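Dear colleague,

I am passing on the structure below, and my notes on it follow directly after. Please read them with the coordinates open.

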Amino acid sequence: MSSLLTTENVHVEMKKGQILKDVNLSFEKGKIYGLLGPNGAGKTTLLKTLLGVFQPTSGTVHFQGENLYNHPGNDLLKGIGSIIEFPGFYDNLTLSENLVLHLRYLQQQFTAGRIDALLQTVGLYNEKDKLFSDTSLGMKQRLGIARSISHQPMLLLLDEPTNGLDPHGIKEVREMLIKEVIQNNTTIVISSHLLNEINLMADELIFINHGEVIFETINMDVSDNFLYKLRTPFEMNRDFMSKLKAHMVLREGDQVEFVSPLSLEEIEEILIKEQVSIERLDVFELSLEDLYLKLLSEGEPNEFVSEK
């Protein structure tokens with residue numbers, strides 16, 4: 001499957017220091033990617049970099065095979081829809097008028113029926129003549145989603161898109177995004193703190209902390225992500241961790257803990273091939289919550305995992 005979007009050795013620096021460090025990612029067509037990490041990890045900066053807002057200090061971003069930041073007129077951006085932070089609209093315009101204005105700005109052809117269909121999709125058709133200033137937080141968020149898909153983009157970048165929505169609204173947004181992928185082969189990158197929602201919709205997970213991508217899942221069967229504990233005198237450096245597709249979560253003397261999507265058999269095969277001497281190797285299945293907490297615990301113990 002071909003990549004729609006890639007980043008190569010992306011670094012972003014600002015006055016307060018380095019925000020993103022050596023980010024290398026590939027996003028395939030027709031998949032949903034969950035972007036997870038604590039507040040201040042760099043998720044929003046990464047989304048803005050993918051959107052063409054924050055040019056990398058070094059490294060490149062390619063969209064549809066072309067450099068996103070080296071394209072005359074930046075017509076590439078017309079293939080991207082987004083909600084980054086709070087969606088901004090004109091208070092004195094109706095919901096329909098705000099969508100019309102956005103499509104005109106993008107020089108997109110549209111009909112009144114198309115506007116109505118967009119508002120119907122996000123549950124706002126009956127409110128289409130209401131001024132934006134008179135809407136609730138949840139309605140504003142729904143309109144932001146309608147705007148993000150209004151020009152049928154190939155890529156959607158969504159930062160906490162369900163803010164302000166009740167459980168029913170969250171479920172509707174999830175189903176709408178999955179439908180968007182199935183019908184239009186759209187690629188979606190979604191940042192959220194709602195682990196259960198990400199678990200229900202994402203094909204892949206990307207964990208980010210302190211501006212670095214620390215872990216990527218191979219697929220979103222969470223039971224295929226494991227915590228390994230072993231005792232070994234072997235020096236497991238970053239290069240060796242990459243062979244295991246692993247992220248080190250603890251190293252104390254000869255005791256090592258790491259998270260990996262590889263099976264026990266695959267891990268043992270690599271250890272034997274590399275002639276790594278081990279005294280003991282235990283493996284534990286991780287739920288998504290376990291995986292999140294273990295990856296971001298900064299070495300703190302987490303007992304809430306079940307041994308396989």
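What covers the buried residues of helix 2? The cover includes helix 3 (112-121) and helix 4 (137-149), where helices are DSSP runs of H or I with at least four residues, strands are runs of E with at least two, and both are numbered from the N terminus.

Before the details, please note that this is a predicted model, in which local features need pLDDT of at least 70 and side-chain atom pairs count only at pLDDT 80 or more, while totals for chains, interfaces and linings use all residues. Residues are numbered from 1 along each chain as its sequence is written, and side-chain values use heavy atoms, with hydrogens and water left out.

The chain as a whole

The secondary structure of the chain comes to 9 helices and 15 strands. Its radius of gyration, taken over C-alpha atoms, is 22 Å, close to the 19 Å that the globule rule (2.2 Å times the number of residues to the power 0.38) gives for 308 residues, so the chain is as compact as a globular protein of that length. Along the principal axes, the C-alpha atoms fill a box of roughly 70 × 45 × 40 Å. Of the 308 residues, 51% count as buried, where buried means under 20% relative accessible area, exposed over 50% and partly exposed in between, with a 1.4 Å probe and protein chains only. If one takes the contacts (heavy atoms within 4.5 Å) between residues at least 6 apart in sequence, 66% of them join residues at least 24 apart.

Helix 2

Helix 2 spans residues 95-105, and its buried residues are Leu95, Ser96, Asn98, Leu99, Val100, His102 and Leu103. Ser96 counts as buried because its relative accessibility is 13%. Leaving aside residues up to four places away in sequence, Ser96 touches Ile115, Leu119 and Lys128. Just after the helix, Gln107 takes a positive phi of about 60°.

Salt bridges

How many salt bridges does a search of the whole structure find? The search finds 14, a salt bridge being a side-chain nitrogen of Lys or Arg within 4 Å of a carboxyl oxygen of Asp or Glu.

In one of them, the side chains of Glu212 and Arg238 meet at 3.9 Å, N to O. Glu212 lies in strand 10 (residues 212-216) and Arg238 in helix 7 (residues 238-243), so this pair ties together parts that are 26 residues apart in sequence. Glu212 is partly exposed, with a relative accessible area of 23%, whereas Arg238 is exposed, at 66%.

Helix 7 also holds Lys243, which forms a salt bridge with Glu274, the closest N and O atoms being 3.4 Å apart. Because Glu274 lies in the loop between helix 8 (264-273) and strand 14 (280-285), the pair ties together parts that are 31 residues apart in sequence. Glu274 is partly exposed at 28% relative accessible area, and Lys243 is partly exposed at 42%.

A further salt bridge joins Lys294 and Glu257, with 3.2 Å between the closest N and O atoms. Lys294 lies in helix 9 (residues 288-295) and Glu257 in strand 13 (residues 255-260), so parts that are 37 residues apart in sequence are tied together. Both Lys294 and Glu257 are buried.
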